[in-house]
Amino acid sequence: MTSELDIFVGNTTLIDEDVYRLWLDGYSGLWGTVCGCRFGGAVVLDGRAGRARMSDAVALRVRSGILEQTGATAAVLQSDTMDHYRTFQMLERLLHAPPKLLHQLIFQIPPSRQALLIERYYAFDEAFVREVLGKKLSKGTKKDLDDISTKTGITLKSCRRQFDNFKRVFKVVEEMRGSLVDNIQQHFLLSDRLARDYAAIVFFANNRFETGKKKLQYLSFGDFAFCAELMIQNWTLGAVDPQADDMDMDLDKEFLQDLKELKVLVADKDLLDLHKSLVCTALRGKLGVFSEMEANFKNLSRGLVNVAAKLTHNKDVRDLFVDLVEKFVEPCRSDHWPLNDVRLFLNQYSASVHSLDGFRHQALWDRYMGTLRGCLLRLCHD
């Protein structure tokens, strides 16, 4: 009886980026059970369907033309794929705590390849993150991953990796002081852009913002991440107290309470009329939708101010984006406001408050509207 052994000897650990992508995407590297059907000299069976087949990963590599490019057989390609998969599986425990990958001595991997392994392991699919953004990173949400996999076409294994990454980062940084982005970069060695994306995911999970309603489906993860960054910079505890616990995770509750003071802008008829007059005077002849703006000014202003006044309640915090779309985006869209007109209006609407002699909460207003203006412009895109 003869035995076949596959032996790979080397010093530097070889990383095939294409195979790594297949592994991250959750494609199986395993062949079926031997049954007597042949492909490329190997005997395999898909046990579920009773048909001869290659592993998912090998089949995809074959379709890429690698056999023709290299002259290898399918059996060699399978062996090569499985060797890479074994390496990735051994590396995975180190990728859960990236600094360990840098300091271990078992795998000789150049720094540039280490960075690639980490960055791609923590990368995520837009379609997946939109399904879980704002949800609690718990077992309950994890039970929904089968449905998310079916809906998005992303393999269940990849969905689990991405969800576990979100949860792992959340658990590590949730009790830390300091910048959320800096903490993520320090402990997971991610690029600045990816660390900022994870900061948005953590921030949304912590504050449980609603993102799944039908009227919000036109918004991308990038839209929400943009708003998250503005809120972290201006509405959190860390925006006013760099030494605060969970400084970038929690909204500043004192700030949210103070926002009730803004109601005077719409409750006081004289202030509301003066505010409208100032905005209309400044924008006359500059807006294509001036008549629509003038007719709807008070409703728009009440909507924006009432959103602020309700943020003392957790449910209203969670519904922030739903309220902004209902109270501002949809009315503007209904009247066909061009984005530039939205920009001109919001700039003048915010600035004109400084000319209201009877208003005494200018700093509070600027902190609120500075962030809201940026978010609304992002939400108003087509």
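1. In which helix is Arg130 found? Arg130 is found in helix 7, residues 126–132, where helices (H or I, at least four residues) and strands (E, at least two) are DSSP runs numbered from the N terminus. Arg130 is buried, with a relative accessible area of 11%; buried means under 20% relative accessible area, exposed over 50%, and partly exposed in between, with a 1.4 Å probe and protein chains only.

2. On provenance, this is a predicted model, in which local features need pLDDT of at least 70 and side-chain atom pairs count only at pLDDT 80 or more, while totals for chains, interfaces and linings use all residues. Residues are numbered from 1 along each chain as its sequence is written, and side-chain values use heavy atoms, with hydrogens and water left out.

3. The surroundings of Arg130 deserve a look in the viewer. Leaving aside neighbours within four places in sequence, Arg130 is in contact (heavy atoms within 4.5 Å) with Thr211, Leu216, Gln217, Leu219, Ser220, Phe221 and Phe224. Arg130 and Gly222 are 92 residues apart in sequence, yet their C-alpha atoms are 9.7 Å apart in space.

4. For the chain as a whole, the secondary structure comes to 21 helices and two strands, and 47% of the 382 residues count as buried. Of the contacts with a separation of 6 or more, 68% are between residues 24 or more positions apart.

5. Gln89 and Trp23 are 66 residues apart in sequence and 9.2 Å apart in space, C-alpha to C-alpha. Gln89 is partly exposed, with a relative accessible area of 45%.

6. Two packed helices are described by the angle between their axes and the distance between the axes. The axes of helix 6 (residues 111–122) and helix 10 (residues 156–173) come within 9 Å and cross at roughly 100°; axes are lines fitted to C-alpha atoms, for helices over the stretch in contact, and angles run from 0 to 180 degrees between N-to-C directions. Helix 6 and helix 10 are therefore roughly perpendicular to each other, a label for angles of 65 to 115 degrees, with under 35 counting as roughly parallel, over 145 as roughly antiparallel and the rest as oblique. Arg120, Tyr121 and Tyr122 in helix 6 meet Arg161, Asn165, Arg168 and Val169 in helix 10, and this contact has three nonpolar, one polar and three charged residues. Here Ala, Val, Leu, Ile, Met, Phe, Trp, Tyr, Cys and Pro count as nonpolar, Asp, Glu, Lys and Arg as charged, and the others, Gly among them, as polar.

7. Two backbone values may be worth checking. Phi of Arg208 is near 55°, a positive value in a residue other than glycine; Arg208 lies in the loop between helix 12 and helix 13 and counts as partly exposed at 38% relative accessibility. Phi of His336 is near 60°, also positive in a residue other than glycine; His336 sits in the loop between helix 19 (320–334) and helix 20 (339–352), and counts as exposed at 65% relative accessibility.

8. Finally, helix 12 (192–207), helix 14 (253–258) and helix 18 (314–318) each supply at least two residues of the lining of the second largest pocket. The residues of that lining divide into four nonpolar, five polar and three charged, and among them are Asn206, Asp250, Lys253 and Arg318. On a 1 Å grid over the protein atoms alone, a pocket is an open set of points where a 1.4 Å probe fits, with protein on both sides within 12 Å along at least five of seven lines, and lining residues have an atom within 4 Å of a point.
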